[in-house]
Amino acid sequence: SVAIVGLIFNTLGKLMVVKRTERNFRYVAGDFERYAVTSVEDEEIAENFTRGAVAEPKIAAMRKTEFVDDFMKNSYTSDISDEYSKKISPYILIAGVVIALLSLIFDKGASNMKERLFIALAAFSGTVTMCSSFAVMLIVKKYLQYSAVMLGYSSVDEFADTNSLLVDAEQLFPKGSIELANLKLLSAISIEDCILMAASLSCQSGSVLKSTFYKMLRGKTELLYPVESYIYEDGLGLSGWIENKRVLLGTRELMENHSIDGLPSEAKEKEYTNGNVAVYLSISGITAAMFVIQVSPNLSVTRWLQELELEGITTVIRTVDGFLSQRFLSDLFDIESDSFRYHKDYESETEYVPRQASSMLCSGHFPSFAMLVIGAKRLKFTAELGASVMYGATILAALIALIMMLAGSFVQLTPTLVIVYNLIVMGVALLIQHIKKL
């Protein structure tokens, strides 16, 4: 009866795997954008991204893709419960054999050898079933169901040690986070030209201001000027060429470094911005306009940035916007972690590929990305905690069986008591995991 109940729970665990795989397949085959979560394998590139912030950088990134390779392999990969079973099974077998042999010596209820043999077999089966926990299949499977795009336990193996996340600044500022609060003309250049020049440079470079200028242009991207070339000056802003004119878009420091004329005084700047952010535009060496930007932190992004900080995960940010300094981001999202930029290799690690093998996928939004990486780290802890409970329960069960055998009371270890013991162990394991749930 105990073995039958154990097989029922084993079947339930396997059904959970099948259900999870079916749900994941609907996501993978769905008609929406898919981003594969990958690791930065090149150690030199990883070091460049983090710039010494972590001793051994293990960076996760997102890469847009259309088709996910190795879906079934990742869905049915072995997990910590399989490793637990492989390790503990021989010891359970040995414990069963040892207690069965001890029954031949200590059990006084048998009158002949035939009865002793039956008692030894009963002692063996009783010990094995008591040591074989019902909850083994639930150590991991119960918690994987909460991550719809975590294909299997291979996600934990690959990403549990992640200490850095590679994201584009644009992912931290979804629609509505950045708005134009004011526009101050500082030269004779027309307002239309100022907007088009700034919009062309920001859209070409992937600035977080891109959506703001799209709104100003009402989506008429055909009005944008072609940008001949541009560079990002670290921590300052953008410098590019449009219609043979040098155009700068960035902070006050960027303008001062290039000796741009026409900058308002710092007092005037504070008056114009009224606590918001000033982004200057210069055309052909003259300050053309000042865009006053209002930046509001997204609640979901803020929450997950803070969660990442609690987990000791550094957010590595690619940006071409000078005003997104480490201090600005730290104050905006109420975190202490540094942010970094390394534009060149960012593209190679995140560019689109038609096919990509990955054990985790997300929608491309920062919260879903952060949730998966944090989930992998916490799932590893939860799974290891569950396995520890199973190890402890198995050792305790073997000791109980041994003591009862030595005391000559093994006959009192009925199937009902074994089932109750395993149900209690399962309840304790699930309760601990519920407290530590993702």
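In helix α13, Val 301, Thr 302, Trp 304, Leu 305, Glu 307 and Leu 308 are buried, where buried means under 20% relative accessible area, exposed over 50% and partly exposed in between, with a 1.4 Å probe and protein chains only. The model is a predicted one, in which local features need pLDDT of at least 70 and side-chain atom pairs count only at pLDDT 80 or more, whereas totals for chains, interfaces and linings use all residues. Residues are numbered from 1 along each chain as its sequence is written, and side-chain values use heavy atoms, with hydrogens and water left out.

Helix α13 covers residues 299-310, helices (H or I, at least four residues) and strands (E, at least two) being DSSP runs numbered from the N terminus. Its twelve residues reach 17 Å from the first C-alpha to the last, close to the 16 Å expected at 1.5 Å a residue, the expected span being 1.5 Å times one less than the number of residues. The buried residues of α13 pack against β3 (164-168), α8 (169-172), β10 (314-318), α14 (326-333) and α16, with contact taken as heavy atoms within 4.5 Å. At the start of α13, a side-chain oxygen of Asn 298 comes to within 3.0 Å of the backbone nitrogen of Ser 300, and just after the helix Gly 312 adopts a positive phi of about 75°.

The largest nonpolar core contains 75 residues, and those with the most contacts inside it are Leu 165, Leu 172, Phe 173, Leu 281, Phe 333, Phe 366 and Phe 369; such a core is a set of buried Ala, Val, Leu, Ile, Met, Phe, Trp, Tyr and Cys residues joined through side-chain atoms within 4.5 Å. Helix α16 (residues 366-406) gives the most to this core, contributing ten residues. Apart from it lies another core, of 29 residues, among them Ala 135, Ala 397, Ala 401 and Val 425. When residues up to four places away in sequence are not counted, the residues touched by Leu 165 include Ile 59, Leu 308, Val 316, Phe 366 and Phe 369.

Six aromatic pairs are present in the structure, rings of Phe, Tyr and Trp (its six-membered ring) being paired if their centres lie within 6.5 Å, with planes under 30 degrees apart counted as stacked, over 60 as edge-to-face and the rest as tilted. The ring centres of Phe 213 and Phe 291 are 5.3 Å apart and the planes stand at 90°, so this pair is edge-to-face. It links distant parts of the chain, since Phe 213 belongs to helix α10 (residues 210-217) and Phe 291 to strand β9 (residues 286-295), 78 residues apart. Phe 213 counts as buried at 3% relative accessibility, and Phe 291 is buried with a relative accessible area of 1%. Phe 323 and Phe 328 also form an edge-to-face pair, at 5.9 Å centre to centre and 80° between the planes.

For helix α17 (residues 415-435), the 21 residues should span 30 Å at 1.5 Å a residue, which agrees with the 30 Å between its end C-alpha atoms. Its buried residues, including Val 418, Tyr 421, Val 425 and Ala 429, fall within an arc of 160° seen down the axis, so they line one face of the helix; the arc is that of the directions from the helix axis to the C-beta atoms. On the other side of α17, Thr 416, Ile 424, Leu 431 and Ile 435 are exposed.

Methods. Polar contact = N/O pair within 3.5 Å; in protein donor to acceptor, adjacent residues only side chain to side chain.
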